[in-house]
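Here is my note on the model for you to work through. Keep the structure open and check each point as you read.

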Amino acid sequence: MTAPVINGWFTVDGGTAHLLGTRCADCRTVYFPPRTGFCRNPYCDGEDLVETRMPRRGTVWSYTNSCYPPPAPFVTADPYVPVTLAAVELTGTGIVVLGQVKDLTVDDLRVGMELELTTGPLADGPPVWMWGALGTTGTTAERRNGESS
């Protein structure tokens, strides 16, 4: 796999994608994207932020499609293929993460439905996190063998 488009924000281990965040060691407040320095919770004086893997599942908070290509310097497929985007609230965190949706359209999505983290390439090749239907986000070999991540 090529280097991720945003280094340090997600990782892929054994074909399973994980968003990376930080958690305050004192008050347990969770942040995404990862933070450094001090806890932003106004009731906490903590300065020890520890890397943590974020939940891989969440519920659709909002969604849309992008029917037109973004302007330069962004690289898009030629011809441009519209993409579906979803804002997903990570289970148990209250954090909403925007990402491209893999293999689903706006007609397939509903607010409140559960999606799972996966990865896919941008038009110019680097992998990014994406949202996918439950049970479809393992590696091709895992899906073929009926295993889940």
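Is Ser66 buried or exposed, going by its relative accessibility?

1. **Ser66.** Ser66 counts as buried, at 16% relative accessibility. The cut-offs: buried means under 20% relative accessible area, exposed means over 50%, and partly exposed lies in between (1.4 Å probe, protein chains only). Ser66 sits in strand β5, residues 57–66. Leaving out residues up to four places away in sequence, Ser66 touches Tyr80, Pro82 and Val83. Touching, or contact, means heavy atoms within 4.5 Å.

2. **Ground rules.** This is a predicted model, in which local features need pLDDT of at least 70 and side-chain atom pairs count only at pLDDT 80 or more, while totals for chains, interfaces and linings use all residues. Residues are numbered from 1 along each chain as its sequence is written, and side-chain values use heavy atoms, with hydrogens and water left out.

3. **Overall layout.** Along the sequence the pattern reads β-β-β-β-β-β-β-β-β-α. Of the 149 residues, 33% count as buried. Look at the contacts with a separation of 6 or more: residues 24 or more positions apart account for 51% of them.

4. **Surface.** The chain exposes about 8700 Å². Carbon and sulfur atoms supply 53% of that. The areas come from the Shrake-Rupley method with a 1.4 Å probe; for residues, only the protein chains shown count as cover.

5. **Main core.** The largest nonpolar core has 18 residues. Such a core is a set of buried Ala, Val, Leu, Ile, Met, Phe, Trp, Tyr and Cys residues joined through side-chain atoms within 4.5 Å. Among those with the most contacts inside it are Leu19, Phe32, Trp129 and Trp131. At least two residues each come from β2 (16–24), β6, β7, β8 and β9. Strand β6 gives the most, with three. In soluble globular proteins, nonpolar side chains tend to be buried together.

6. **Leu19 and a second core.** Not counting residues up to four places away in sequence, its contacts include Trp9, Phe10, Phe32, Leu90, Val97, Trp129 and Trp131. A second, separate core has five residues, including Cys24, Cys39, Cys44 and Leu49.

7. **Largest pocket.** Its volume is about 920 Å³. A pocket is an open set of points on a 1 Å grid over the protein atoms alone, where a 1.4 Å probe fits, with protein on both sides within 12 Å along at least five of seven lines; lining residues have an atom within 4 Å of a point. Of the 29 lining residues, the closest to the centre are Val83, Leu85, Gln100, Leu122 and Ala123. Strand β7 gives the most to the lining, with four residues.

8. Pro121 is found in strand β8. Beyond its neighbours within four places in sequence, Pro121 is in contact with Pro126, Pro127 and Met130. Asp103 lies in the loop between β7 and β8. Asp103 is exposed too, at 72%. Asp103 and Met130 are 27 residues apart in sequence and 10.0 Å apart in space, C-alpha to C-alpha.

Terms used:
Points joined across faces, edges and corners; volume = space filled by probe spheres on them.
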